[in-house]
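Welcome, and please have your viewer ready. We will take in the whole chain and then settle on a single residue.

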Amino acid sequence: IRNEIGPIREAGLLRRLREARRFPLVVLPSSVLDALAAALPIPVIATLFGPASAGQFALVWRVATIPSALIASSVADVFHAHAVAADSRDPALLAPLVKSTMKRLAVVATLIYVPACAVAPAAFGWIFGEEWRPAGWLMLLLLPMWWSATVVSPLSRVLIVSGRPALKLVFDLCYLVLPMAALLAFREQGLERAVLAYGVAAALAFAIYATLLVRVQSR
(Lines give C-alpha, C1' and ligand atoms only; values in the text may rest on other atoms or scores of the structure.)
Protein backbone atom coordinates (compact mmCIF):
# COMPACT_ATOMS: atom_id res chain seq x y z
CA ILE A 1 0.00 0.00 0.00
CA ARG A 2 2.82 2.38 0.87
CA ASN A 3 4.37 1.83 -2.58
CA GLU A 4 1.07 2.66 -4.25
CA ILE A 5 0.10 5.80 -2.30
CA GLY A 6 3.53 7.10 -1.38
CA PRO A 7 4.74 8.19 2.05
CA ILE A 8 2.09 8.92 4.66
CA ARG A 9 2.43 12.45 5.98
CA GLU A 10 1.30 13.06 9.53
CA ALA A 11 -0.25 16.43 8.74
CA GLY A 12 -2.29 15.00 5.89
CA LEU A 13 -3.44 12.08 8.00
CA LEU A 14 -4.60 14.39 10.80
CA ARG A 15 -6.44 16.56 8.29
CA ARG A 16 -8.25 13.52 6.90
CA LEU A 17 -9.20 12.43 10.40
CA ARG A 18 -10.64 15.86 11.15
CA GLU A 19 -12.62 15.81 7.92
CA ALA A 20 -14.05 12.37 8.70
CA ARG A 21 -14.65 12.95 12.41
CA ARG A 22 -18.43 12.73 11.98
CA PHE A 23 -18.16 9.02 11.20
CA PRO A 24 -16.83 7.90 14.61
CA LEU A 25 -18.75 10.65 16.42
CA VAL A 26 -22.11 10.14 14.72
CA VAL A 27 -22.24 6.99 12.60
CA LEU A 28 -20.76 4.73 15.29
CA PRO A 29 -23.29 5.65 18.02
CA SER A 30 -26.02 5.51 15.39
CA SER A 31 -25.06 1.92 14.57
CA VAL A 32 -25.02 1.03 18.27
CA LEU A 33 -28.51 2.47 18.77
CA ASP A 34 -29.73 0.63 15.69
CA ALA A 35 -28.43 -2.69 17.01
CA LEU A 36 -29.86 -1.97 20.45
CA ALA A 37 -33.31 -1.22 19.02
CA ALA A 38 -33.28 -4.58 17.22
CA ALA A 39 -32.05 -6.57 20.24
CA LEU A 40 -34.04 -4.95 23.05
CA PRO A 41 -37.67 -6.01 22.31
CA ILE A 42 -37.18 -9.73 23.02
CA PRO A 43 -35.75 -9.40 26.56
CA VAL A 44 -38.27 -6.67 27.35
CA ILE A 45 -41.18 -8.86 26.20
CA ALA A 46 -39.72 -11.78 28.17
CA THR A 47 -39.69 -9.60 31.27
CA LEU A 48 -43.19 -8.23 30.77
CA PHE A 49 -45.05 -11.27 29.40
CA GLY A 50 -42.86 -14.29 30.01
CA PRO A 51 -40.45 -16.42 27.96
CA ALA A 52 -43.20 -18.09 25.90
CA SER A 53 -44.35 -14.72 24.54
CA ALA A 54 -40.74 -13.75 23.88
CA GLY A 55 -40.30 -16.96 21.90
CA GLN A 56 -43.36 -16.18 19.79
CA PHE A 57 -42.04 -12.68 19.09
CA ALA A 58 -38.54 -13.96 18.32
CA LEU A 59 -39.90 -16.36 15.71
CA VAL A 60 -41.89 -13.56 14.08
CA TRP A 61 -38.82 -11.33 14.05
CA ARG A 62 -36.66 -14.00 12.44
CA VAL A 63 -39.19 -14.82 9.74
CA ALA A 64 -40.50 -11.35 8.93
CA THR A 65 -37.14 -9.59 8.72
CA ILE A 66 -35.79 -11.91 6.00
CA PRO A 67 -37.51 -10.15 3.04
CA SER A 68 -36.83 -6.70 4.48
CA ALA A 69 -33.14 -7.47 5.04
CA LEU A 70 -32.70 -8.87 1.52
CA ILE A 71 -34.43 -5.88 -0.06
CA ALA A 72 -32.57 -3.36 2.10
CA SER A 73 -29.11 -4.79 1.39
CA SER A 74 -29.59 -5.11 -2.37
CA VAL A 75 -31.51 -1.89 -2.99
CA ALA A 76 -29.28 0.15 -0.68
CA ASP A 77 -26.15 -0.68 -2.70
CA VAL A 78 -27.78 0.23 -6.01
CA PHE A 79 -29.41 3.34 -4.55
CA HIS A 80 -26.10 4.46 -3.07
CA ALA A 81 -24.43 4.34 -6.48
CA HIS A 82 -27.27 6.29 -8.10
CA ALA A 83 -27.27 8.84 -5.26
CA VAL A 84 -23.54 9.49 -5.66
CA ALA A 85 -23.95 9.93 -9.41
CA ALA A 86 -26.92 12.27 -8.96
CA ASP A 87 -25.12 14.33 -6.31
CA SER A 88 -22.07 14.72 -8.54
CA ARG A 89 -24.26 16.05 -11.38
CA ASP A 90 -26.62 18.21 -9.34
CA PRO A 91 -27.53 17.84 -5.63
CA ALA A 92 -31.07 18.92 -6.51
CA LEU A 93 -31.52 15.54 -8.20
CA LEU A 94 -31.33 13.70 -4.86
CA ALA A 95 -34.84 14.63 -3.71
CA PRO A 96 -36.61 13.24 -6.83
CA LEU A 97 -34.42 10.13 -6.61
CA VAL A 98 -35.43 9.56 -2.99
CA LYS A 99 -39.14 10.03 -3.78
CA SER A 100 -39.15 7.76 -6.82
CA THR A 101 -37.22 5.02 -5.02
CA MET A 102 -39.54 5.30 -2.04
CA LYS A 103 -42.59 4.83 -4.27
CA ARG A 104 -41.12 1.73 -5.90
CA LEU A 105 -40.20 0.27 -2.53
CA ALA A 106 -43.76 0.94 -1.33
CA VAL A 107 -45.08 -1.22 -4.17
CA VAL A 108 -42.60 -3.99 -3.38
CA ALA A 109 -43.37 -3.86 0.35
CA THR A 110 -47.10 -4.04 -0.35
CA LEU A 111 -46.74 -7.02 -2.67
CA ILE A 112 -44.61 -8.92 -0.16
CA TYR A 113 -45.83 -8.05 3.32
CA VAL A 114 -49.57 -7.54 2.91
CA PRO A 115 -50.27 -11.09 1.65
CA ALA A 116 -47.57 -12.62 3.87
CA CYS A 117 -48.99 -11.04 7.02
CA ALA A 118 -52.57 -11.81 5.97
CA VAL A 119 -51.89 -15.56 5.77
CA ALA A 120 -49.43 -15.64 8.70
CA PRO A 121 -51.94 -16.75 11.39
CA ALA A 122 -52.90 -19.84 9.40
CA ALA A 123 -49.45 -20.41 7.88
CA PHE A 124 -47.57 -20.32 11.20
CA GLY A 125 -49.85 -22.95 12.68
CA TRP A 126 -49.43 -25.19 9.63
CA ILE A 127 -45.66 -24.75 9.21
CA PHE A 128 -44.40 -24.53 12.79
CA GLY A 129 -47.17 -26.28 14.67
CA GLU A 130 -50.43 -25.23 16.30
CA GLU A 131 -48.69 -23.85 19.38
CA TRP A 132 -47.01 -21.24 17.16
CA ARG A 133 -50.24 -19.91 15.67
CA PRO A 134 -50.23 -16.85 18.03
CA ALA A 135 -46.92 -15.82 16.44
CA GLY A 136 -48.74 -15.48 13.12
CA TRP A 137 -51.15 -13.00 14.70
CA LEU A 138 -48.19 -11.02 16.06
CA MET A 139 -46.73 -10.84 12.56
CA LEU A 140 -50.03 -9.48 11.25
CA LEU A 141 -50.16 -6.87 14.03
CA LEU A 142 -46.65 -5.73 13.10
CA LEU A 143 -47.49 -5.21 9.41
CA PRO A 144 -47.11 -1.38 9.62
CA MET A 145 -43.58 -1.76 10.94
CA TRP A 146 -42.44 -4.32 8.35
CA TRP A 147 -43.93 -2.27 5.51
CA SER A 148 -42.42 1.06 6.60
CA ALA A 149 -39.01 -0.48 7.31
CA THR A 150 -38.86 -1.93 3.81
CA VAL A 151 -39.79 1.41 2.26
CA VAL A 152 -37.48 3.68 4.25
CA SER A 153 -34.43 1.71 5.47
CA PRO A 154 -32.66 1.29 2.08
CA LEU A 155 -32.61 5.08 1.62
CA SER A 156 -30.52 5.85 4.70
CA ARG A 157 -27.29 6.18 2.75
CA VAL A 158 -28.47 9.35 1.07
CA LEU A 159 -27.63 11.17 4.32
CA ILE A 160 -24.00 10.09 4.00
CA VAL A 161 -23.92 11.14 0.35
CA SER A 162 -25.37 14.56 1.21
CA GLY A 163 -23.13 14.97 4.26
CA ARG A 164 -25.91 14.81 6.89
CA PRO A 165 -25.29 11.55 8.79
CA ALA A 166 -26.33 13.15 12.09
CA LEU A 167 -29.98 12.89 11.01
CA LYS A 168 -29.66 9.09 11.06
CA LEU A 169 -28.81 9.41 14.74
CA VAL A 170 -32.07 11.33 15.26
CA PHE A 171 -34.03 8.50 13.66
CA ASP A 172 -32.21 5.82 15.65
CA LEU A 173 -33.13 7.61 18.88
CA CYS A 174 -36.79 7.80 17.79
CA TYR A 175 -36.75 4.16 16.69
CA LEU A 176 -35.35 3.09 20.05
CA VAL A 177 -37.46 5.29 22.34
CA LEU A 178 -40.90 5.42 20.69
CA PRO A 179 -41.55 1.66 20.25
CA MET A 180 -40.15 0.82 23.68
CA ALA A 181 -42.27 3.53 25.30
CA ALA A 182 -45.38 2.21 23.52
CA LEU A 183 -44.60 -1.35 24.57
CA LEU A 184 -44.25 -0.33 28.20
CA ALA A 185 -47.30 1.93 28.10
CA PHE A 186 -49.57 -0.90 26.90
CA ARG A 187 -48.09 -3.70 29.00
CA GLU A 188 -51.23 -3.88 31.13
CA GLN A 189 -53.41 -4.40 28.01
CA GLY A 190 -51.90 -7.76 27.12
CA LEU A 191 -49.30 -8.99 24.66
CA GLU A 192 -51.22 -8.42 21.43
CA ARG A 193 -52.16 -4.81 22.16
CA ALA A 194 -48.67 -4.05 23.41
CA VAL A 195 -47.12 -5.51 20.25
CA LEU A 196 -49.59 -3.59 18.09
CA ALA A 197 -48.63 -0.36 19.87
CA TYR A 198 -44.96 -1.24 19.40
CA GLY A 199 -45.45 -1.73 15.65
CA VAL A 200 -47.44 1.47 15.19
CA ALA A 201 -44.82 3.47 17.12
CA ALA A 202 -42.04 1.95 15.00
CA ALA A 203 -43.95 2.83 11.83
CA LEU A 204 -44.32 6.39 13.17
CA ALA A 205 -40.55 6.58 13.67
CA PHE A 206 -40.01 5.47 10.07
CA ALA A 207 -42.56 8.05 8.88
CA ILE A 208 -40.62 10.78 10.70
CA TYR A 209 -37.43 9.50 9.11
CA ALA A 210 -38.95 9.47 5.61
CA THR A 211 -40.09 13.07 6.08
CA LEU A 212 -36.58 14.08 7.14
CA LEU A 213 -35.02 12.34 4.14
CA VAL A 214 -37.30 14.08 1.64
CA ARG A 215 -37.16 17.55 3.23
CA VAL A 216 -33.38 17.58 3.70
CA GLN A 217 -32.77 16.67 0.08
CA SER A 218 -35.38 19.16 -1.11
CA ARG A 219 -33.54 21.95 0.68
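Start with a cartoon view and follow the chain from the N terminus: its elements run α-α-α-α-α-α-α-α-α-α-α. That comes to eleven helices and zero strands (DSSP runs, with H or I of at least four residues for helices and E of at least two for strands, numbered from the N terminus). This is a predicted model, in which local features need pLDDT of at least 70 and side-chain atom pairs pLDDT 80 or more, while totals for chains, interfaces and linings use all residues. Residues are numbered from 1 along each chain as its sequence is written, and side-chain values use heavy atoms, leaving out hydrogens and water.

Now show the C-alpha trace, which spans about 65 × 35 × 35 Å along its principal axes. Of the chain's 219 residues, 40% count as buried (under 20% relative accessible area, with a 1.4 Å probe and protein chains only).

Next, select residues 143-152, which form helix 8, and pick out Thr150 within them. Is Thr150 buried or exposed? Thr150 counts as buried because its relative accessibility is 1%.

Display the Thr150 side chain and Trp146 together: the side chain reaches the backbone oxygen of Trp146 at 2.9 Å.

Zooming back out, 76% of the chain's contacts with a separation of 6 or more are between residues 24 or more positions apart.

Terms used: Buried < 20%, exposed > 50% of the residue type's maximum accessible area, 1.4 Å probe, protein only. Polar contact = N/O pair within 3.5 Å; in protein donor to acceptor, adjacent residues only side chain to side chain. Contact = heavy atoms within 4.5 Å.
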